[in-house]
Amino acid sequence: MNVDTQPEQNQTKRRKPFFKQDTLAGWLFLSPMLIGFTVFMFVPIGFAFYMSFTDWPLLGQSEFIGTANYRAIVQDPEFQQVMGNTILFTAGLVPFNILLALGLALLLRHPLPLMGMFRTIVFVPVVTTLVVWAIVWRYMFATDYGFINSILGWVGVEPQAWLYSKDLAMPAVIITSVLKNVGLNMVLFLAALQMVPKNLYEAARIDGAGSWRQFQNITLPIISPTVFLATIITIIGAMKIFAQIFVMTRGGPESSTKVIVYYIWEKAFRLFDMGYASAAAFILFFLIFAFTLIQWWLRKRWVYNED
């Protein structure tokens with residue numbers, strides 16, 4: 001017994017230096033990314049978290065004030081309005097984006113004339129620079145010479161002050177944002193739809209199930225993990241919106257489109273209150289984290305094949 005195991009023990013001993021060398025090489029390959037993440041992400045995040053507990057003007061001495069910034073933000077009526085606007089924007093964008101993307105994916109999964117060109121047209125806005133996209137739509141929503149009002153004029157509708165009306169500015173920004181990002185979710189849904197076994201549809205048709213029943217009982221349950229992923233991504237993106245607001249409305253009219261990231265930018269780079277802005281940024285982080293945890297917990301109730 002000892003004679004048989006001796007060569008195996010010797011072989012194991014010879015392999016250890018190789019494994020140690022291989023592990024060292026792996027860490028060396030990872031080190032540029034780890035150093036970059038540490039220097040450019042983890043250190044700034046930690047420093048910003050410290051700043052959130054200070055009175056830190058852009059120019060001047062900083063002073064540690066504990067949780068005073070957080071208490072001031074929670075009691076600030078403007079912050080409450082900003083949070084309401086952010087929730088309103090998210091509630092308007094997410095269902096619109098998901099439903100439109102899913103509808104386009106269901107339409108484009110079938111062979112149609114010029115389908116490739118249509119897919120490209122829908123996806124091009126995703127790779128278009130966000131600022132350029134917002135500038136284009138700002139001109140399209142212009143009151144006097146905008147393309148949208150020109151179309152409305154052809155059907156006898158009076159021109160609308162889209163970006164200067166408290167009631168219309170937020171819907172205009174939501175439409176701009178949906179059309180910018182709907183192509184990404186459409187591609188995700190197209191990929192998920194390709195994974196649905198066709199024999200399930202054939203069996204359902206034999207049993208007399210119509211198109212709606214097939215979608216409800218076959219398609220939607222199987223693609224539900226992708227719907228869950230797209231929903232999380234879209235909610236996080238909606239709560240971080242900034243460029244469209246900055247370019248199209250600057251938070252107006254009368255702060256009706258001022259969202260939390262614009263509020264943070266205003267406090268940091270207009271009022272130069274870096275400590276207050278850092279606290280607001282971490283409140284946004286905790287809100288997004290809480291929303292994600294809630295969605296992760298609720299996924300078991302509707303995501304197919306989840307324990």
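Which side chain meets that of Glu 78 in a salt bridge? The partner is Lys 267, at 3.8 Å from N to O.

## Basis of the model

The model is predicted: local features need pLDDT of at least 70 and side-chain atom pairs count only at pLDDT 80 or more, whereas totals for chains, interfaces and linings use all residues. Residues are numbered from 1 along each chain as its sequence is written, and side-chain values use heavy atoms, with hydrogens and water left out.

## Salt bridges

A salt bridge places a side-chain nitrogen of Lys or Arg within 4 Å of a carboxyl oxygen of Asp or Glu; the whole structure contains five. Because Glu 78 belongs to helix α3 and Lys 267 to helix α11, their pair ties together parts 189 residues apart in sequence. Helices are DSSP runs (H or I, at least four residues) numbered from the N terminus.

Glu 266 bridges to Lys 258, with the closest N and O atoms 2.8 Å apart, and to Arg 270 at 3.3 Å. Lys 258 is buried, at 7% relative accessible area, while Arg 270 is partly exposed at 41%; buried means under 20%, exposed over 50% and partly exposed in between (1.4 Å probe, protein chains only).

## Nonpolar cores

A nonpolar core is a set of buried Ala, Val, Leu, Ile, Met, Phe, Trp, Tyr and Cys residues joined through side-chain atoms within 4.5 Å. The largest has 57 residues, and Phe 89, Met 186, Phe 189 and Ile 260 have the most contacts inside it. Helix α3 gives the most to this core, with 12 residues. A second, separate core of 10 residues includes Trp 133 and Met 248.

Technical notes: Helices (H or I, at least four residues) and strands (E, at least two) are DSSP runs, numbered from the N terminus.
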